[in-house]
Amino acid sequence: MQSNRYSRIALALLSLVCALTCAQALAASQLTLSSDIVMAGGSISCTFTDDVKGDLTAVARFTIQSGARGAWNVGGAGRNVYTSEKAGTWRVSARYGALSAVATLQVTPNDELPFSRIRLSPARSYIHIDDILTLETKVYDHFGNLVDVMPTWEDWEWEDWAIPGEFNDDCQFMPFWIG
């Protein structure tokens with residue numbers, strides 16, 4: 001009779017352990033971003049929660065996919081804040097012990113800051129006098145991201161450009177350098 005009683009106790013304990021393990025396995029960890037989209041140079045904050053353990057933001061380790069550049073605040077409150085740099089779609093991760101979660105962050109080029117660089121091509125060309133030279137322009141933000149804007153060219157004269165050499169009406173071609 002005694003062994004039967006111990007068997008029932010052991011079975012009850014085993015059932016309890018299985019129930020707790022299953023409940024923990026079904027518990028969901030979630031990583032929430034303050035925004036899914038941010039411009040390069042902008043910041044987001046992350047929150048990491050778990051159905052069983054609650055808010056783990058203060059103790060979690062946050063990372064972003066390699067190549068995204070940018071920086072996480074270091075130490076103390078606010079270490080869950082990420083400041084972006086490289087445009088693209090990036091995977092953000094949170095981890096605490098065996099718990100982890102992933103979210104997606106879209107970083108867009110920053111068209112609000114002063115542009116860092118404008119590239120014109122072709123950079124060197126020969127054209128007939130009175131011909132039109134079409135230039136391709138690429139504009140980059142402070143972080144090196146290609147910005148989707150079309151610069152406007154207004155009120156410029158040939159004298160504003162550095163064109164080496166002397167020209168007269170007998171010239172057939174005019175060399176053109178940018179830089």
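Student: Which side chain meets that of Glu 85 in a salt bridge?
Tutor: This is a predicted model, in which local features need pLDDT of at least 70, side-chain atom pairs count only at pLDDT 80 or more, and totals for chains, interfaces and linings use all residues. Residues are numbered from 1 along each chain as its sequence is written, and side-chain values use heavy atoms, with hydrogens and water left out. A salt bridge here is a side-chain nitrogen of Lys or Arg within 4 Å of a carboxyl oxygen of Asp or Glu. With 3.3 Å from N to O, the partner of Glu 85 is Arg 69.

Student: How many residues apart in sequence are the parts that this pair ties together?
Tutor: Strands (E, at least two residues) and helices (H or I, at least four) are DSSP runs, numbered from the N terminus. Glu 85 lies in the loop between β7 (81-83) and β8 (88-96). Arg 69 lies in the loop between β5 (61-64) and β6 (71-72), so the separation of the tied parts in sequence is 16 residues.

Student: Is Arg 69 buried, partly exposed or exposed?
Tutor: Buried means under 20% relative accessible area, exposed over 50%, and partly exposed in between (1.4 Å probe, protein chains only). Glu 85 has a relative accessible area of 27%, so Glu 85 is partly exposed. Arg 69 has a value of 42%, so Arg 69 is also partly exposed.

Student: How many strands are in the secondary structure of the protein chain?
Tutor: The protein chain has 179 residues, of which 25% are buried. Its secondary structure includes one helix, and the number of strands is 14.

Student: Which residues make up the covered face of β5?
Tutor: The uncovered face of β5 holds Arg 61 and Thr 63. The covered face of β5 is made up of Phe 62 and Ile 64.

Student: In β8, which residue is the bridge partner of Ile 64?
Tutor: Two strands pair if DSSP finds at least two bridges between them. β5 and β8 pair in the antiparallel sense over four bridges. In β8, the bridge partner of Ile 64 is Val 92.

Student: At what angle are the ring planes of Phe 62 and Trp 72?
Tutor: Rings of Phe, Tyr and Trp (its six-membered ring) pair if their centres lie within 6.5 Å; planes under 30 degrees apart count as stacked, over 60 as edge-to-face and the rest as tilted. The structure holds two aromatic pairs. For Phe 62 and Trp 72 the centres are 5.9 Å apart, and the pair is stacked because the planes are at 25°.

Student: Which residues do ring pairs link into a cluster?
Tutor: The rings of Trp 72 and Tyr 82 have centres 5.1 Å apart and planes at 50°, so this pair is tilted. Trp 72 lies in β6 and Tyr 82 in β7, and Tyr 82 is buried, with a relative accessible area of 2%. The ring pairs form a cluster of Phe 62, Trp 72 and Tyr 82.

Student: How far apart in space are Thr 104 and Leu 33?
Tutor: Thr 104 is in strand β9, and Thr 104 is partly exposed, with a relative accessible area of 46%. Contact means heavy atoms within 4.5 Å. Leaving out residues up to four places away in sequence, Thr 104 touches Leu 33, Asp 36, Thr 89 and Trp 90. Thr 104 and Leu 33 are 71 residues apart in sequence, while their C-alpha to C-alpha distance is 8.5 Å.

Student: In β12, which residue is the bridge partner of Arg 119?
Tutor: β10 and β12 (residues 136-140) pair in the antiparallel sense over five bridges. In β12, the bridge partner of Arg 119 is Lys 138.
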